[in-house]
Amino acid sequence: MKHSVIIYLLIMFIVTYAVRTLPLTLIRKQIKNRFIRSFLYYVPYVTLAVMTVPAIIQATDSPIAGALALVVGIIIAWIGGNLYTVALACCGVVFVAELLLPLIK
């Protein structure tokens, strides 16, 4: 069993190292393709969204409360609310939703 853990760690190290070093060694000049540049521009935002949205929905007792908080947070952020306002509103929505959802069922 110990052998397999070491092998898994070695493979993980090689893959992680290759992903980080291959672009640096293979792409030496500036990327001029507009599509690739715009794709690379949005990759961090998409990655953050893919990791965050499921966690928001699953962090509560009810996925409905998490989804409601996500919608409220997006709306408040869209109209210009700061991080503190968004977080406070989302916490309030989850609190109220988890109080009311058992009464509805």
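User: Is serine 62 buried or exposed?
Analyst: Serine 62 counts as buried, because its relative accessibility is 13%. Buried means under 20% relative accessible area, exposed means over 50%, and partly exposed is in between, using a 1.4 Å probe and protein chains only. Keep in mind this is a predicted model, where local features need pLDDT of at least 70 and side-chain atom pairs count only at pLDDT 80 or more, while totals for chains, interfaces and linings use all residues. Residues are numbered from 1 along each chain as its sequence is written, and side-chain values use heavy atoms, with hydrogens and water left out.

User: Where is serine 62, and what is it in contact with?
Analyst: Serine 62 sits in the loop between α2 and α3. Leaving aside neighbours within four places in sequence, serine 62 touches Ile57, Glu98 and Leu101. Contact here is heavy atoms within 4.5 Å. The helices are DSSP runs (H or I, at least four residues), numbered from the N terminus.

User: OK, on to α3. What span should its 16 residues have?
Analyst: Helix α3 covers residues 63-78, and at 1.5 Å a residue it should span 22 Å; the end C-alpha atoms are 22 Å apart, so that agrees. The expected span is 1.5 Å times one less than the number of residues.

User: Which residues of α3 are buried?
Analyst: The buried ones in α3 are Ala65, Gly66, Ala69, Leu70, Gly73 and Ile76. They cover an arc of only 140° around the axis, which puts them on the same side of α3. That arc is taken from the directions from the helix axis to the C-beta atoms.

User: Why would residues spaced like that point the same way?
Analyst: An α-helix has 3.6 residues a turn, so residues three or four places apart point the same way.

User: What covers the buried residues of α3, and which exposed residues are on the face turned away?
Analyst: The cover includes α2 (34-58) and α4 (83-104). On the face turned away from the buried side, α3 carries the exposed residues Pro63, Ile74 and Trp78.

User: Switching to the surface: which residues form the nonpolar patch?
Analyst: Phe95, Val96, Leu99, Leu100, Leu103 and Ile104 form it, with about 670 Å² of accessible area together. Patch residues have over 30% relative accessible area and no salt bridge, and nonpolar side chains (Val, Leu, Ile, Met, Phe, Trp, Tyr) are joined within 5 Å. A salt bridge is a side-chain nitrogen of Lys or Arg within 4 Å of a carboxyl oxygen of Asp or Glu. The areas come from the Shrake-Rupley method with a 1.4 Å probe.

User: Where is leucine 100 found?
Analyst: Leucine 100 is in helix α4, and at 45% relative accessibility it counts as partly exposed.

User: What about alanine 87?
Analyst: Alanine 87 is found in α4. Its relative accessible area is 37%, so alanine 87 is partly exposed.

Definitions and conventions
Helix = DSSP H or I, 4+ residues; strand = E, 2+ residues; numbered from the N terminus. Patch = residues over 30% accessible without salt bridge, like charges linked within 9 Å, V, L, I, M, F, W, Y side chains within 5 Å.
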